[in-house]
Amino acid sequence: MASEKKPKDPDPTPDPVQAVSISARAHLECTAGPEKGQRLRVAPNVTLIGRDAACDVVLSETAVSRQHVRIERRPDRWLLRNLSANGTLLNKKPVDEAVLADGDEIRIGAKTRLRFVVEEVALSASGRPQFRRRAAPKEDEAPEPEKKTAADAEEQPKPSLFKRRKRLFVGLAIYLAGFLVLLVLGLIYFSGGGLIGGSSEIPVLLEDDVVVSGPGGEARRITGIRNALDVKFNYEVNPILAEQGKKEAIEQYRTRYFPGHASDLYSAVRKFQQALGYSGGRGFFEKPAEDKIFRDALDELIKAVLRDYNQAVLADKGDDYRAAWKGYKHLLDVIPERENPIYKNVALRLDRLKRLHDDLK
């Protein structure tokens, strides 16, 4: 009797086509706003989105903050972080930090909508991306151009070093530019050029925040005039108070051109911001016309305070202490909040003038 043949053991080596892992990458599709229809790249590690030209994704809408949101890539997920006092909506809900998923809608500013799209790239067992082979051309399609020979390749000049290392040179240029900016700011700070009388206790406020190094090498952030005025309130949602505050703010904003009414402009901006707080903490109004009025009021207030503040500082530096005193007092009348960084800075300057000039007491 013939003996039965035993089946062979399966090959323990897996099929290389089956031994794959999935590496995800992502991009943003702008579905609404000035960049509607554009596909925006999401960087492999961190993607900064905002109106500033230094951001990875630059948006042109004025309601978008200079640095509005950041997308961070983690080993197993993407994280969305809100950086703006104007707020960010993820799938129509306000968030400060949230995990992103394929198809999520990110809403920033008044009009801009971004759809987060995840792509999957198959990896081979060696860890290299697998790309699809190009299909053979059909009979009615034009044939591919002939491949160049080695002699043809030798005739082509090699690209310059700059072209071959373009990204490296651009990165070095950005790094050096940032280093020079920090160096100049540090020299201004410690030499007293950006301070009244060279006193390191009262720095000059700029329009935007600035980070400086202290005597011990520690970094500290000086709040700029824009962020001191562009604040975000979080209240319990109350549609009645939100609508009432919005109407009062619009009415008060209409009196901004009358002489001596600068404080009304500040009050109108605060009422707008409080109305947004009662609307769920978002940083914009649903109706574009109302949101534009709020943005115009905020921009006018920032420009007016920055102008009056710089004029008072210049008078102080030029030893016209009476004009400086008058300018500082005017700013305290416009900004009555004692915890506001602008109020604190101006109050210190007034106190310094009183100590230097007896006739001001």
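Arg 74 sits in the loop between β5 (69-73) and β6; helices (H or I, at least four residues) and strands (E, at least two) are DSSP runs, numbered from the N terminus. Before going further, note that this is a predicted model, in which local features need pLDDT of at least 70 and side-chain atom pairs count only at pLDDT 80 or more, while totals for chains, interfaces and linings use all residues. Residues are numbered from 1 along each chain as its sequence is written, and side-chain values use heavy atoms, with hydrogens and water left out.

**Around Arg 74**

With a relative accessible area of 27%, Arg 74 is partly exposed. Here buried means under 20% relative accessible area, exposed over 50%, and partly exposed in between (1.4 Å probe, protein chains only). The side chains of Arg 74 and Glu 72 are joined by a polar contact of 3.0 Å. That term stands for a pair of N or O atoms within 3.5 Å; within protein, one must be able to donate a hydrogen and the other to accept it, and residues adjacent in sequence count only if both atoms are side-chain atoms. Leaving aside neighbours within four places in sequence, Arg 74 is in contact (heavy atoms within 4.5 Å) with Leu 79 and Arg 81. Val 46 is 28 residues from Arg 74 along the chain, and their C-alpha atoms are separated by 9.4 Å.

**The open sheet**

Which strands form the open sheet, and in what order? There are five, running β4-β3-β5-β6-β9 with mixed pairing; two strands pair if DSSP finds at least two bridges between them. At the edges stand β4 (57-58) and β9 (97-100), each with a single partner strand, so one side of each has no neighbour in the sheet. Strand β3 (residues 46-50) runs parallel to β4, and two bridges join them. Gly 50 is the residue opposite Val 58 in β4.

**Aromatic pairs**

The structure holds six aromatic pairs. Rings of Phe, Tyr and Trp (its six-membered ring) pair if their centres lie within 6.5 Å; planes under 30 degrees apart count as stacked, over 60 as edge-to-face and the rest as tilted. The rings of Trp 78 and Phe 116 have centres 5.4 Å apart and planes at 70°, so this pair is edge-to-face. Trp 78 belongs to strand β6 (residues 78-82) and Phe 116 to strand β11 (residues 112-123), so the pair ties together parts 38 residues apart in sequence. Phe 272 and Phe 285 also make an edge-to-face pair, at 5.9 Å centre to centre and 65° between the planes. Since Phe 272 is in helix α6 and Phe 285 in the loop between α6 and α7, the parts tied together here are 13 residues apart in sequence.

| Residue | Relative accessibility | Class |
|---|---|---|
| Trp 78 | 8% | buried |
| Phe 116 | 0% | buried |
| Phe 272 | 0% | buried |
| Phe 285 | 5% | buried |

Elsewhere, ring pairs link Phe 233, Tyr 235 and Tyr 278 into a cluster.

**The nonpolar cores**

A nonpolar core is a set of buried Ala, Val, Leu, Ile, Met, Phe, Trp, Tyr and Cys residues joined through side-chain atoms within 4.5 Å. The largest one has 42 residues, and those touching the most other members are Ile 225, Leu 229, Val 305, Tyr 309, Tyr 328, Ile 342 and Val 346. Two or more residues each come from β12 (210-213), α4 (225-229), α5 (239-253), α6 (262-278), α7 (288-317), α8 (321-334) and α9 (341-356). Helix α7 supplies the largest share, 11 residues. Not counting residues up to four places away in sequence, Val 305 touches Ile 225, Leu 229, Leu 331, Ile 335 and Ile 342. A second, separate core has 21 residues, including Val 42, Val 57, Leu 59 and Leu 90.

**Two loop residues with positive phi**

Lys 92, in the loop between β7 (89-90) and β8 (93-94), is not a glycine, yet has a positive phi of about 70°. Its relative accessible area is 73%, so Lys 92 is exposed. Asp 319, in the loop between α7 and α8, likewise has a positive phi, near 65°. At 65% relative accessibility, Asp 319 counts as exposed.

**The whole chain**

The protein chain has nine helices and 13 strands, and 35% of its 361 residues count as buried. Among contacts with a separation of 6 or more, 50% are between residues 24 or more positions apart.
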